[in-house]
Amino acid sequence: MQPEIIPDLFRTEYRKLTAVLYKSIGLAYMEVAEDIVADTFLKATEIWGLKGLPDNPVAWLYTVAKNKARDVIRREALFNGKIETELAREHSGGYELDLSEKNLLDSQLQMMFAICQPEIPAEAQIGLALRILCGFGIDEIASAFLTKKETINKRLFRAKEKLREAKVQIAFPAESEVKTRLQSVLRTLYLLFNEGYFSSGTNAVIRKDLCLEAMRLAYLLTAYPPACVPSLYALLALMCFQSSRFEARVNSSGDYVLYEEQDPALWDESLIQQGEYFMNRAASGDYLSKYHLEAGIAYWHTRKQDSAEKWKQILQLYNHLLVLEYSP
């Protein structure tokens, strides 16, 4: 068996399976859902190590997770009859986990809105996003925040309790709530990206994995039409422009390279082009968000020429950003 296959599949499939299970059995039983998925991967490690990889590892995982979920639901005594009683109303014909491509996508999108609740602290939202939507382990999250595992566990526990107490539903927000709820989601993704880009919590200068996960989740939002607003595209443009200079920002010793000393040949032109595409998509509507202004600043930093006009534009954008940030 290829040694890297389990970690790779865990990172890509854990989030899908947990999101579907959370949606299916409810946020009141989040730990149950996580245990089902963890047991599925444990079984994969044991069986694949002995018998080798199945023809379709992803389908194997989905089948085992579906069977485990069905078995858990049937064990009434394990949950004092609560889950089975509640689900019996919704699944009168028997419990069946919907692992269709559409439900996998919708569940992740709906989970994104569910965890970005205003009553949950920003750090806890980021932690939940890393754990639930990105498949990060507790050790990885603790490393990202430069804190102890116990602290992360307590933070996530409190956040989950708030979700339970508020009886948050894993569903798309009502049309009247989309705008407000979306801003919370975008803010969480922005903070997640910044946590990686500036790496305040680790010895690493840049945590690319955090940045890439923030970008992936932002891309995922584009599959939900009500979320396709200028501020989302501006945030994506910002992420693309900033990510395009990853390789030039750090030297071989792992130290920051000042902008003036960066080698433009190391800039990723494909990401710059993507950023320009999203910037054009963001240029609609009548609202200028902080993401627009920061994306504009990041754009000018991808212009290789060192001209007076370039720095004039950057200064103007910074001034607009300060006014936006500190205006009452």
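**Note on helix packing, cores and a loop residue**

1. In this predicted model, helix α10 passes helix α11 in a left-handed crossing. By class, the contact between α10 and α11 comprises nine nonpolar residues, one polar residue and no charged residues.

2. The geometry of this pair may be stated as follows. Helix α10 spans residues 208-221 and helix α11 spans residues 230-243; their axes come within 10 Å and cross at roughly 150°. Angles over 145 degrees count as roughly antiparallel, and α10 and α11 are therefore roughly antiparallel to each other.

3. The largest nonpolar core holds 99 residues. Within this core, the residues touching the most other members are M111, M112, I115, L130, L133, L189 and L221.

4. When its neighbours within four places in sequence are left aside, M111 is in contact with A19, Y22, L27, M30, I132, L133 and I170. Another core lies apart from the largest one and has six residues, including L293, W300, L317 and L321.

5. K167 has a positive phi of about 50°, although K167 is not a glycine. This residue is found in the loop between α8 (149-165) and α9 (178-198). With a relative accessible area of 66%, K167 is exposed.

Notes:
Residues numbered from 1 in each chain as written. Predicted model: local features only at pLDDT ≥ 70, side-chain atom pairs only at ≥ 80, totals over all residues. Heavy atoms only, no water. Axes fitted to C-alpha atoms, helices over the stretch in contact; angles between N-to-C directions. Helix = DSSP H or I, 4+ residues; strand = E, 2+ residues; numbered from the N terminus. Parallel < 35°, antiparallel > 145°, perpendicular 65-115°, else oblique. Left-handed = near helix turned anticlockwise from the far one by under 90°. Nonpolar A, V, L, I, M, F, W, Y, C, P; charged D, E, K, R; others polar. Core = buried A, V, L, I, M, F, W, Y, C linked by side-chain atoms within 4.5 Å. Buried < 20%, exposed > 50% of the residue type's maximum accessible area, 1.4 Å probe, protein only. Contact = heavy atoms within 4.5 Å.
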